[in-house]
Amino acid sequence: MPTPSPATLPVRRLTLRDLPACADLSEDRGWPREEHKWGFLLTAGKGYGIDDPDGGLVAACVVTEYGPPDRPDLGAIGMVLVADRHARQGVGRRLMRHVVSAMAPTPLTLHATPNGRPLYEELGFKVTARAEMVRGHFTPGGTQSGIATRAATAKDLPAILRLDEEVFGLDRTHIVTRLPAFADRLRVAVENGGIIGYAAVWPNMDTHVVGPLIARDTETAKALVASLAAHSDRPLRTDIDVRHEGLLAWMKERGFTSVAFNAVMTYGIPELPGDWNRRFAPVTVAAG
């Protein structure tokens, strides 16, 4: 029998048992294996994949849903990967069309690289914002912030959840409650006994990724980044909404360099819900 075209192979749901195959796919495309992130996304969201008849995965992606579990208000698509040997054969298009159809009528969002953006535009996604990835060893200096930060405790969780939903615009309980296990550190910024921001840093290969970063204002965001950096011996990496020019300029003064730009795209809604003024960085671009 002739080998079926990869673009006609069925799409199925992935589970944690597929984590090694997902990591293999990342490695195949020249990405880090990122088992830690794949495990987080596959447990917090829905994985979709296409099996290779010769073994492994032809393609994969993950969708993280927000809002009521039975009728989500938003789905974030991430980790869209096609095996190098099957690239440019319509596989990514087939996978994305399946996901868009399966998620309907839920609005969608994703962070697109310059290479991926044309496909997403073809499917109807629109650019609504941009994010800049920066990386570097934090160099302390300058005027010290008067904003107090400390390690988050279990008692802080209700306040963190309230703040996160207010800023993100949707319920992210299933993500936020996983942060203590996923992240190496979770810190809060406090004022007059109340939480005015929070941030996490989680391990990704040789770096620590800062995300999420939710803060009342730029000075609060700076204080959180500085406090996370003070407890890490790795380079930090994060993806900042480019509208936060003050934070990006400060981070570059403190030793960070620009790595890449991604387009934040939406499907079915004109822009993301919530308050972008206080939403500085996502948990990960794969989960919004």
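Modeller: In this predicted model, D18 has a relative accessible area of 11%, and because the limit for a buried residue is under 20%, D18 counts as buried. Its salt-bridge partner is R12, with 2.8 Å between the closest N and O atoms, and R12, at 29% relative accessibility, is partly exposed. This pair belongs to a set of 22 salt bridges.

A second bridge joins R85 to D52, where the closest N and O atoms are again found 2.8 Å apart. Since R85 is in the loop between β4 (74-82) and α3 (91-103), while D52 is in the loop between β2 (46-51) and β3 (57-66), the contact ties together parts that are 33 residues apart in sequence. Here D52 is buried at 7% relative accessibility, whereas R85 is partly exposed at 44%.

Turning to the rings, the count of aromatic pairs is 6. In one of them, the ring centres of F40 and F182 are 4.0 Å apart with the planes at 20°, so this pair is stacked. F40 belongs to helix α2 (residues 35-44) and F182 to helix α7 (residues 179-182), so that the pair links distant parts of the chain, 142 residues apart. Both rings belong to buried residues, F40 and F182, and together with W202 they form one aromatic cluster.

The pair of F125 and Y267 is tilted, with 5.1 Å from centre to centre and 40° between the planes. Because F125 is in the loop between α4 (117-122) and β6 (126-136) and Y267 in strand β12 (residues 257-267), this contact ties together parts that are 142 residues apart in sequence. F125 is buried, at 2% relative accessibility, while Y267, with a relative accessible area of 28%, is partly exposed.

Charge and ring also meet: R172 lies over the face of F168, 4.0 Å from the ring centre, and the charged end of R243 is placed over the ring of W276, at 4.2 Å from its centre.

Terms used:
Residues numbered from 1 in each chain as written. Predicted model: local features only at pLDDT ≥ 70, side-chain atom pairs only at ≥ 80, totals over all residues. Heavy atoms only, no water. Phe/Tyr/Trp six-rings, centres within 6.5 Å; stacked < 30°, edge-to-face > 60°. Helix = DSSP H or I, 4+ residues; strand = E, 2+ residues; numbered from the N terminus. Buried < 20%, exposed > 50% of the residue type's maximum accessible area, 1.4 Å probe, protein only. Lys NZ or Arg CZ within 6 Å of the ring centre and 35° of its normal. Salt bridge = Lys/Arg side-chain N within 4 Å of Asp/Glu carboxyl O.
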